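Welcome! Here is a short briefing to read alongside the structure.

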Amino acid sequence: MSKLKSMLKSINKENIKKFYIEKGKPVLKNLVINHNYVISLVLLLVLGQIASSNFLSFGSLVNLMKSSVIIGIIALGMSLVILSGNIDLSVGSLLALTAANTALVYNSSESIIVSLFFALIFGAFLGSINGIFVGKAKVAAFIVTLATMAAYRSLTVQQGQGGPIIITQDAYYGKLREIGYGKFLEIPYIVWIFVLVTLLIIFIMSKTKFGRYVYAVGSNEKAAKLSGINVDRIKVYIFSLTGLLTGLAAFLYVSRFGSVDTATAGKSFELDAIAAVAIGGTSMAGGKGFVQGTFFGIIVIYAIDAVLTSFRVPSFVNDLIKGILILGAVLMQKVLNAKRQAE
Amino acid sequence: MIVEFKNIYKNFNAVKALQDVSFTIGDSEIHGLLGENGAGKSTLMNILGGVLPPTSGTIIIDDVEYKSLNPTQANELGINFIHQELNLVNDLKVFENLYINREVTKYKFYLDKNYMIEKSYEIFKRMNVSIDPKLHVRELDTLQKQLVEIARAILFESKLIIMDEPTTALTNTEIENLFKIMRDLKEQGISCIYISHKMPELFTICDKYTVLRNGGFIESGDFKDIDENRATELLVGRSIIEEKDIHKKQLDSEAVFEVRNFTCEPFFRDISFTLKKGEVISITGLFGDGRGELSEALFGARKLDSGQILKDGKPLSLSSIRKVMKSGVGMIPRNRKERSIIKDMNILDNVSMANFNAKHKNPIISDKEELKRFSQNQKVTNIKVGSPKDSITSLSGGNQQKVVFARWFELNSDVYILDNPTQGIDVGAKFEIYKLIYDLTDKGKSVIIFTSEFPEIYKTSHRCIIMYKGEINKIINHEKLNERDVMYYSTGSNRKDENDE
């Protein structure tokens, strides 16, 4: 309570001015140049509102968030991987394999805690396999994760014999469904989870040593090594953390859908996740970018979907338009970045 | 070709990069362009190369006046710029590089390789060098690569070649070869603008000089009318402070860092020496002496075949860089951009990087604490920054190097390994780095410098270790140091005698 009071006290003219002008640079300009994905999002929301009058209603905004959650959590991990100068193509298959096994674990244990922990640990384990090949064996991340993408998918399909793995009706409607569909303060649990995880990752990346190491490895691996960072180990951690986050996404996937189609679950999730990171302004070469950007990036991608639906664009050309918009967003960033450099 | 700059001004927004620069480069002359980093040399050369237009002023080339040039025009006039970072494709062959983007074809599509190879031979013959045009560029050494760039300029009838620091990666013999070729070219009527920080070279090869400082034109003239001291004064704008004589001070006899039988085949073998408290040892040699690898091994960044280090009498674990750091050894790597600066991070984080690893226990970072540590070190290193949160790339080379020093001050390291610490740094900043080294020794810290510049060895070191083909060939004390002997032992001349006998 006292904290709140002191916070209220601190709202005076000086501080308001400070808020708008940070380090002598106007906040708005900073927003345009450094965090322009926010502009893309605002533009899309305005477009959506033009197309259908209840686009900006609370309900549909929550829906927008809700649909972003699963790939969004994966994209957070992807940000770390890309910031460190790597790439992870295996996340879609990793999600499928983890989800399939989580479903099996839930079927036999009927315990939410057990299956959640299983999902996290199993995901982290699969991620660490990527990490060990990239970090210790020094194989290019693109190749390693291309291989595990195929391998994890194949294992999943084998497990389901090509078909789905389904959670038994009674067990699902008992408790698990509550996580996928339940709400707190009118907002679904899964959205809360997404926001909390985002805040956690933002904290890790901006306030911890590990965060600094990720940036350092992505920006200049040799220099990072010569200032004592154990680069190989950091890479293993990054891929494991991405696996863990994908494990969490897999658990939410199971709780929402109650079944896992082994052949298609998570297919091309990696592409949306990478796109979200790109739209969020993170450099594909590593070292530059913010996790906040990815959070908005994934919402932008789903907002594009929503806007297209509102305009009744035939769904077959959806991806075409999405592709064009993603290129446009990234191009805009390039132009703005060039401007920032010139300043 | 006669090039005259007339009242050239160039502004980048508020920054005045060039102000009223006027001078002339004559026919068949090698013209030394001097100036510290940021003096405006590159801007001026970019204007001549057509990359940038001047804000005002004109360039007169062989009596034709140009308000500005574009790159194609500059090329057609025969102006060629050889950049410090060589512009060659390693995976293509020499002749393919020579003709890149100007390939000669038969029947439109079919590359006329034989013709191109033959022409390449002719050019190299004209230059009096033997390089096989059919080799891949990656198989060449640095001098040969430089020569390929020059050959490319000649091939397309260059009349003026701009060379930016061409000798940084060359050994002394190679430099002599390069100079011979430059003189030959001069005979053939090709002029050259030679940009370098190295005074002895400028005095050897150049006829005329022009000095720029802070974007302004200072002086032009004949090199034979001035000496090195005068040139340095012109360059820096003040007379250089006499270097402090660190060698008068009596050294403690306490050994802090003993290297024993370091061996890592095929780079170096059986390296042993002892560093005392407050001592500076320089290690020098020529290309292929294994110095670079040795510097890495001393810091735990390269696996050894055998050998150990005693730090304060106790064996030092070389199994990881972190362990070496923690025991009080700091490293300033060579090639700052590639190996020490993290370009996407701010100054503060660049300084703190080593501290995070070796000292900072809490996984969470406090901004306040970081800033406090930074300002303490800033007093020592004299880093000039606007805000510690500015990007590291906003600093000059010298200040960036001080940031790397500050890394180790935070850890309170007492042995510093400096690998080519003044590479690409201008004269003024070099002295500041030397001052930093003197301050370190005053505090009883010890320093190992890997360098190939004799003045640097002389100004800083108590002893100089000269390496030849991976072995210690000779150790010379400061009193007996002279450039001739250093060269003699670096080239292994003493060993050749042995072999003859």
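In this predicted model, 21 residues of chain A are in contact (heavy atoms within 4.5 Å) with 31 residues of chain B. Local features need pLDDT of at least 70, side-chain atom pairs count only at pLDDT 80 or more, and totals for chains, interfaces and linings use all residues. Residues are numbered from 1 along each chain as its sequence is written, chains are lettered from A in the order in which they are written, and side-chain values use heavy atoms, with hydrogens and water left out.

**Where the chains meet**

- Together, chain A and chain B bury about 2200 Å² (accessible area, 1.4 Å probe, that the two lose on being put together, summed over both), with 55% of it on carbon and sulfur atoms.
- On the chain A side, the most area is lost by A:K209, A:R212 and A:L226, which together make up 33% of what that side buries.

**Charged links**

- The rule finds three salt bridges (a side-chain nitrogen of Lys or Arg within 4 Å of a carboxyl oxygen of Asp or Glu) across this interface.
- A salt bridge joins the side chains of A:R212 and B:D349, at 2.8 Å from N to O.
- In chain A, α10 (189-207), α11 (209-219) and α12 (221-226) each give at least two residues to the side touching chain B; these helices are DSSP runs of H or I, at least four residues, numbered from the N terminus.
- The largest share of that side, six residues, comes from α11(A).

**A helix in chain B**

- Helix α1 of chain B (residues 41-48) is largely enclosed by the rest of the structure, because six of its eight residues are buried (under 20% relative accessible area, 1.4 Å probe, protein chains only).
- Among these buried residues are B:L44, B:M45 and B:I47.
- Just after α1(B), B:G50 has a positive phi of about 80 degrees.

Conventions
Buried < 20%, exposed > 50% of the residue type's maximum accessible area, 1.4 Å probe, protein only.
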